[in-house]
Amino acid sequence: MNNYFIGIITLLLSGFVANIFSKKLKTVILSLLVSVGSVFCAIPAVKVLFGHENLVANFDFNTIFGNVSFVIDPLSAFFILVITVMSLLSVIYSNGYLKPYLDLKNISSHLVFLPMLIASMLAVVTCQNALMFLICWEIMSLSSFFLVIFESNKKDVLKAGIKYLVFMHISVLFIIIAFALMSIKSGSFEFETFKAVLQNNTSFANIVFILAFIGFGTKAGFVPFHNWLPDAHPAAPSHVSGIMSGVMIKTGIYGIIRMITLIGIPSKEIAYGFLAISVVSSLYGVLYAITQHDLKRLLAYHSIENIGIVGIGLGVGMLGLTYHNPLVALLGFTGGILHVLNHSIFKELLFLSAGSVYIKTHTKDIEILGGLIKSMPVTAILFLIGSVAICGLPPFNGFISEFLIYFGMFKGLEIHHFLSILLIFFAISGLALVGTMAILCFSKAFSIMFLGMPRSENAQNVTTDSSKVMLIPMGILAIFTLLIGIYPQYVVFWVKRVVFDMFSENIVNFCQVCMIPLNIMQTIALYAVLFVGFVTLMIFLKLKLTKGKIVMHDTWGCGYNRANNHMQYTASSFASPFLSMLRPLFKKVFDIEKPKKLFPVAAHFHLHIEDIEEAYVLNPLLKFDEWFLSKFEAMQSGNIQSYIKYGMVFLLVVIIASLFIG
Amino acid sequence: MIMTIVNLIILLFVPFLMLGLIKKTKSFWAGRKGPSIFQPLYDFIRLIKKDFVISKTTSVVFNIAPVFAISTVLFAAMFVPLATGSAIISIPVGVIVFSYTLGLGKFMSIVAAMDTGSSFEGMGASREACFTSIVEPAFFILIASVMLLTGNYTFDSLSHIISNAGSYGILITIFAVVVLFIMILTEGSRVPVDDPATHLELTMIHEVMILDNSGSDLAIYSWANGIKMLLISSLIACMVIPHHLPVLMHVLCYLSVLGIVSIAIGTVESGMARIRMSHVFEFIFVMSSLALVVLSLVMARMFGG
């Protein structure tokens, strides 16, 4: 456990140390120190995951906190490994990405907050004391806020950052209420003591779980609390978006999983509700992703989708717990937790590729890109691998977790309850729809960006691929996606161990079903290896045999042979048949300037699709808020005496109220 | 081993015969003699020998996509009970691996179509992506309903419907066959969803996606498409053929089911025109609603006393 604290302290200090050095060395020193810190943190996690004992460290702050304990159990160990590996790769990538920004004055603070975010996430997933947990949580939110507003001279970046800050504080409010309720009942801040309170009282557990779900769900990005995500991710620099989307939002999932372990057996209503919200989240996320043409916004919406898929896995697991079906619980939780890992791998890969494209083309709008596979072949292939993986297609890692979740759902049909069967059918068809819509979305994104002809100067002027220091972390992530896809049995084995540790006391016969997913994974592994081998062989043969038999010519234009880059299909037109089918689910904002007069000059057409929740719920709420608060403008006199008077009145009210109530 | 070889031969060669039979049926209804039933096979051989013309705009993606098209259908076929009534790999929820493997092929063919930079091919790719997204959920609802009814999670469950549910089973089978038939029309890009014989690029889906492919690439795409149709027809065969027949009998029944499906496709193509593009959704949604009917039949059987 000492290693762990050394690691965290190294991370916390690394930013300050890096800033001492000259401009060129800063990021290099930072990545060195972060790798040292990550290794120190990862060692105990690996020990726990492979060994059989949890690591515990206790600190006694008896006056305020009580006993503060940091525990690494298999669940924490799993999250620690995800956080350290993914963050480390992002930090190495930032060496290349930050190069054009080294003269910005925000760079020093950026380098301080980046490792601080990593350290606080590591603290969050191990801390077992509610008060300390909240402090670490808040450090995490604030440090990521400062990372988001890196380019704070841009107005929309600042706006997105403030939106993020507000959402995070609403979320932490709910977490505080949930924790406060539990600690009042149990008389202590320790998670262990919460267990007893929650497991004896179902209605209390329901209320606490709902509060905690709103809090953690906002961080994770469940619909309807997702609104900060599509703004904050595009605003942040790419390596930060990678960490935030790949890792940080997973701390919300961690919180939810921790709550489930505390509750033990969730009630029927909670399991149903959670599953339903997850399905809606994943559908909502992918639906809006299709409408987006800003690459990073598109990826942010896909984060919502994938958090939904993780949620479907956890929801199925909860159904299994509720109805005492060990296999369903095992499959659901294994699939959900494995998807946490998988999503962090391919989402980070995609965000880093997006950054690589942004650095070269200076735009995030995919409509004006095109043909980049010729100038940036490595980035293109890596993005393609990431796209296939995120669609959940074999032989990549996304498929493995989605397969487990599907398997859990099909097995869940054995629970003979009318409502649960209907819900599972909703989830199965929802997940199938999500999968195919993801195919639509990513075939769009990949082909518009990288294939065809360049649609603008931005894409035309790119000559070289990004630097190696950016491409290597991406390559490592791509290898991870393939490795998990073709050797799933090992990863599933570890994740199964995590699940087993969490729920073995709550479920009987857990041991008997343990081997089922592993056996199936062995078959799938064989299948995937054969598939990869076959495809590689065939590609090799094809390229070999067709050499010299190819004649190059223009694209067939149906008789018209002066096709140019403006005649290509665009992202909007690609998505349009699908979107026209689902018309009522969007709010379309048109911005049209029609050609006028006899010799028309300028004309333009712009279609913008607004998030339906933002348009019909959040904006009216904000309007109301503005109107309501404007009533108090009179109080803001600018006169110091009257401000002191307000304070006095407030104090008086508090004193009088405490006399009566206390 | 012999069974595997029989299955493999049927898997690789019967798709051509199915395409030939469809053409023959269409000729019959049109009062023509029509080409030989082996014509698609001759076409295939002729195309394989030819050189390619490839667009200058394309990249390596365009070049390797046909490989994915053929390997995904061949690997997906491992999960489907073919002529001899048993699949090579039979694992629970193999249906997921089956349709996600096909999904990979679809992804690559969409991306390859976009690679040419032609707006016609973009149009086809976009429609293909769009229609698939409605087909898949309906297919999953159907399969899950059948699995719920039979309590068996492999594709074998399809052959247990009637033995498990009696007269209910016959009703369910009828609806399920219609769902799968619509799926063949959509996935195989046949009339009324798509017209493989049309000469107007604006109204095509699958054909327009491979507009720039020539030579063996083109041959492989149409072969893969035929195999895909055969796979879905095999699911129909699996449902209607009683599952403890002797092997030889089973193979014969299987082939005749494939024949009937091809004739049915040919008849539908002769009997109706292609639906207007904006109404294709409605046609495919018929599939979803019928799948829901199957689900409600299963639920009625389980909870309806």
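In chain A, 54% of the 662 residues are buried, a residue being counted as buried if 20 or more other C-beta atoms lie within 10 Å of its own, as exposed if 12 or fewer do, and as partly exposed in between, with C-beta atoms placed from the backbone. The model is a predicted one, in which local features need pLDDT of at least 70 and side-chain atom pairs count only at pLDDT 80 or more, whereas totals for chains, interfaces and linings use all residues. Residues are numbered from 1 along each chain as its sequence is written, and chains are lettered from A and ligands numbered from 1 in the order in which they are written.

Chain A contains 25 helices and five strands, where helices (H or I, at least four residues) and strands (E, at least two) are DSSP runs numbered from the N terminus. The radius of gyration of chain A is 26 Å, close to the 26 Å given by the globule rule for 662 residues, so chain A is as compact as a globular protein of that length; the radius is taken over C-alpha atoms, and the rule is 2.2 Å times the number of residues to the power 0.38. The C-alpha trace of chain A spans about 90 × 75 × 60 Å along its principal axes. Of the contacts in chain A between residues at least 6 apart in sequence, 80% join residues at least 24 apart, two residues being in contact if their C-beta atoms, placed from the backbone, lie within 7 Å.

Chain A is divided into domain 1 (1-247), domain 2 (265-544) and domain 3 (569-661), with bounds that come from an automatic or database domain assignment. The C-alpha centres of domain 2 and domain 3 of chain A lie 33 Å apart, and ten residues of domain 2 are in contact with twelve residues of domain 3. On the domain 2 side of this contact, α11 (268-291) and α17 (418-450) of chain A each supply at least two residues, and α11(A) gives the most, with four residues. The residues on that side divide into six nonpolar, two polar and two charged; here Ala, Val, Leu, Ile, Met, Phe, Trp, Tyr, Cys and Pro count as nonpolar, Asp, Glu, Lys and Arg as charged, and the others, Gly among them, as polar.

Within chain A, strands β1 (residues 55-61) and β2 (residues 66-72) run antiparallel and are joined by seven bridges, strands being taken to pair if DSSP finds at least two bridges between them. β1(A) and β2(A) form a hairpin with four residues between them, and Phe59(A) stands opposite Val68(A) in β2(A). Strand β4 (residues 587-593) of chain A likewise pairs with β5(A) in the antiparallel sense, over seven bridges, and Lys588(A) stands opposite Ile609(A) in β5(A). Of the seven residues of β5 (residues 604-610) of chain A, the number buried is zero, so this strand lies largely in the open.

Helix α15 (residues 377-390) of chain A has eleven of its 14 residues buried, so α15(A) is largely enclosed by the rest of the structure. Among these buried residues are Leu382(A), Phe383(A), Leu384(A) and Ile385(A). At 1.5 Å a residue, the 14 residues of α15(A) should span 20 Å, which agrees with the 20 Å between its end C-alpha atoms; the expected span is 1.5 Å times one less than the number of residues. Just after α15(A), Gly392(A) takes a positive phi of about 75 degrees.

Chain B comprises ten helices and one strand, its elements running α-α-β-α-α-α-α-α-α-α-α from the N terminus on. The radius of gyration of chain B is 19 Å, close to the 19 Å that the globule rule gives for 305 residues, so chain B is as compact as a globular protein of that length. The C-alpha trace of chain B spans about 65 × 45 × 40 Å along its principal axes, and buried residues make up 58% of the 305 residues. Of the contacts in chain B between residues at least 6 apart in sequence, 76% join residues at least 24 apart.

Between the chains, 57 residues of chain B are in contact with 61 residues of chain A. On the chain B side, β1 (52-55), α3 (60-77), α4 (94-115), α5 (119-150) and α10 (280-303) each supply at least two residues, and α5(B) gives the most, with 17 residues. The residues of chain B on this side divide into 35 nonpolar, 14 polar and eight charged. Strand β3 (residues 550-553) of chain A and β1(B) run parallel and are joined by four bridges, with Met552(A) standing opposite Ile54(B) in β1(B).
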